[in-house]
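This report covers the strands and helices of one model. Please view the sequence and structure below before reading on.

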Amino acid sequence: MPPIIRVANLSKTYASGFKALKDINLEIRQGEIFALLGPNGAGKTTLISTICGIVNPSTGSIEVDGKDIARDYRAVRAMIGLVPQELSTDMFETPWATVNFSRGLFGKPRNHALVAKVLKDLSLWDKKNARIMTLSGGMKRRVLIAKALAHEPRVLFLDEPTAGVDVELRREMWDVVREMRERGVTIILTTHYIEEAEEMADRVGVIAKGEIILVEEKDELMRKLGKKRLQLQLSVPLDHIPETLAPYDLQYGADKSELIYTYDTRTERTGITALLNDMRAADISFKDLSTTQSSLEDIFVDLVRAKR
C-alpha cells in the first residue's frame, strides 16, 4: 500500500536565513500512529505546518494520498485535521457552535449526531453550551481536537495534544486516538511526553536541528538501541568501587548499597558472568539483583545528544 503522506527533499529557510528544515524525506503509512520526537526548536511544528499548507516550503515536494499540496490544496486540506499547540479559538463561542462551524468551513453538511459523538468522546458534552472562555485549559485543548475532527479527516496532526492536560484525561484522549486509528485515520503526533509515544506509536521519528535523524518501528527501535541495566543490591554498602571492577563502568544507585551495570543486549557476551566472578573475587556479595530495559526516553536523549 502506498504511503498516505510522502515528503521528498523538503527544506525551509526563513527570510532571516534560519534553516528550519534540511532535506527532509519521510513517508507516513496509511492508518498508523507516527510519533515525531525532538527537542524544542528541532523543527517539529515547522514540518507539520508545512505539510498542512500553513508554511510554504523553500524546496521539495509533499503529497497526501497522491495529491500535491500545492496543486491540489483544497482536496489535500479537506483530508487533514490539525490540532495546533496554541489555544486559538473564539473564546465567546460555545463548543457546540464552534465545532459545527468548523465542519461547515470544509463544505460538509450538518451532522449533529457526529458532532455530538465527538464532544461526548472528548468529555465535552456537559460543557457544550458553555462559553469557551469559561473552560479549563485542558477542556479548551479538547475543543481544538473536536474542531479538528469535525470534518472527518483521514489524516490527523496532533501538535503537543495533551499539554496542560491531567494524567487521567490524557489517558482518555489516548483511547480516543486509538479509536480513530481503528477507523482508519492516520495520526501524526508530536509530544514532549515520551511515555505518550511509547504507549501510542507504531513508529517513531526523531528530528534534531531540522533533520530527521531516525525513523524506526517503535518496538524495533527499542530492541536495537535499548540497553539493559543490572541492579545489584549489596549485602554491605561499598565505600568505593575497586579498581578490578573499573572495566565494567559501574555506577552507584540511590545509595552505596546498590551498584548498576549497563550492558548492550545485542552483543554476544553481556559481561554479567565475568562481573559476578570479579565481584566474588573482590569479596563483594549481593543479596538481590534485577534488570530493567531502557525506556524510549533514554533512547531519545542518547540520539539527540549524539547529534549535538
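## The sheet

An open sheet is built from 4 strands, ordered β2-β1-β4-β5, with antiparallel pairing. β2 (19-28) and β5 (67-68) are the edge strands; each has a single partner strand, so one side of each lacks a neighbour in the sheet. Strands here are DSSP E runs of at least two residues, helices are H or I runs of at least four, and both are numbered from the N terminus. Two strands pair if DSSP finds at least two bridges between them.

Strand β1 (residues 5-13) runs antiparallel to β2, and 6 bridges join the two. Thr 13 sits opposite Lys 19 in β2.

## Basis of the model

The model is predicted: local features need pLDDT of at least 70, side-chain atom pairs count only at pLDDT 80 or more, and totals for chains, interfaces and linings use all residues. Residues are numbered from 1 along each chain as its sequence is written, and side-chain values use heavy atoms, leaving out hydrogens and water.

## A helix across the sheet

Helix α1 (residues 44-51) lies across β1, β2 and β4 (59-64). Its angle to β2 is about 60°. Axes are lines fitted to C-alpha atoms, for helices over the stretch in contact; angles run from 0 to 180 degrees between N-to-C directions. Contact means heavy atoms within 4.5 Å.

## Packing of α3 and α5

Helix α3 (residues 95-105) and helix α5 (residues 137-149) have axes that come within 8 Å and cross at roughly 30°. The two are therefore roughly parallel (angles under 35 degrees). Pro 95, Thr 98, Val 99 and Ser 102 of α3 make the contact with Val 143, Ala 146 and Lys 147 of α5.

How values were computed: Angles under 35 degrees count as roughly parallel, over 145 as roughly antiparallel, 65 to 115 as roughly perpendicular and the rest as oblique.
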